[in-house]
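Subject: Structure for you to look at

Dear colleague,

Here is the structure I said I would pass on. My notes on a sheet and a pocket follow below it.

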Amino acid sequence: MSSLSKEELRKARLARYAPIASSSSSQPSSMSHNIDAMAPQVTTNNPSIAPTPGSHVDAPSSSFGAQLVREKADTKLLQRLNKLLVGPSATPEDMLRWHSQGFNFSHSPSWGLKQGQGGPCGILASVQAEMLRELFFSGDISRVNGNLLPEFSKTRVSEVLVVSLVRILSRAKSGEKYIFIEMQPNTNLANVDETHSISIVKLSTSAQALQYIEENEAILAGKSGVLIYLMSLLLTRGLDQVLEDMDDVDNTLIGHFGHCTQDLLNLLLSGKASSNVFDGMKPLGGESGFNLKGVFKKSSIGYLTHL
């Protein structure tokens, strides 16, 4: 049992995964220290999440200094976000499954993410893959005992979950900020009366994103936790950029029966919400000039097969 306080554990975790600019290795143990290197360099702000005139900006949190900006979410932005997520075809039952799912672990194995109902499985599987990559291919594989699955402490599992969530955000980030949404569980984005209390938080670096997720880990484990993370991922990518990634801008990221679409899976795995699993682009044919978008670069995790 560790004698370190919660604050000391938090600082130790941040120190372990703080970005190191000199690191260039593609191995998990090195990439854990260089999350910022996974995000593209940009020179312009993302128009999808720019502050709106007259929006209220709260005082920065003392734990982040002047680097944190919290502001009331723009109603039009939330409407666009809701349309991109579910569109008009989502049933109340579909959304209930999403609002019921957080990031929670099973009793055995201790690192296994637990799914309550169908729907958010695409996100859980992608995050689980990132966690396995960190747990089994960063020096911890020696914990395997014969044919038994290895076990890890709750602290280690929690640490790896936070790192995995930030890694996915970093891979997708197209603007200068990490964008997080703050809302009450079960909030209906289509109901304007329920969205007045929604805020967005903007952070500049992966270290700050790491600290923010760690401090809000209980929220992500609660109801709507997976959905809150998904919306933060889309805002960090930028709604305009997500639409640009996709073949059809009228598609949604939550599809039939509330399942994740291919576009969403590719966003989680590769950082781009492309609509297909082949390499690069393929012309549709004829004189349309339309190209179907696939996977443009090899990612650190991916598919064994595609059904």
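Please keep in mind that this is a predicted model.

The sheet comes first. Three strands form an open sheet in the order S1-S3-S2, and their pairing is antiparallel. Strand S1 (69-72) and strand S2 (178-182) are the edge strands, each pairing on one side only. Direction ignored, neighbouring strands of this sheet are turned by 25° against each other on average.

Between S1 and strand S3 (residues 199-203) there are four bridges in the antiparallel sense. For a point of reference when you open the model, arginine 70 stands opposite valine 201 in S3. Helix H7 (residues 206-215) lies across S2 and S3, and runs at about 20° to S2.

Next, the second largest pocket. The space in this pocket comes to about 260 Å³. Its lining is made up of 18 residues, and those nearest the pocket centre are Asn82, Val86, Met95, Asn188 and Leu189.

Which helices each supply at least two residues of that lining? They are helix H3 (75-85), helix H4 (92-99) and helix H9 (225-237). H3 gives the most, with three residues. Sorted by class, the lining of the second largest pocket has 11 nonpolar, six polar and one charged residues.

Best regards

Technical notes: Residues numbered from 1 in each chain as written. Predicted model: local features only at pLDDT ≥ 70, side-chain atom pairs only at ≥ 80, totals over all residues. Heavy atoms only, no water. 1 Å grid on protein atoms, 1.4 Å probe; cavity = no way out; pocket = protein on both sides within 12 Å on 5 of 7 lines; lining within 4 Å. Points joined across faces, edges and corners; volume = space filled by probe spheres on them. Nonpolar A, V, L, I, M, F, W, Y, C, P; charged D, E, K, R; others polar. Pairing = 2+ DSSP bridges. Axes fitted to C-alpha atoms, helices over the stretch in contact; angles between N-to-C directions. Contact = heavy atoms within 4.5 Å.
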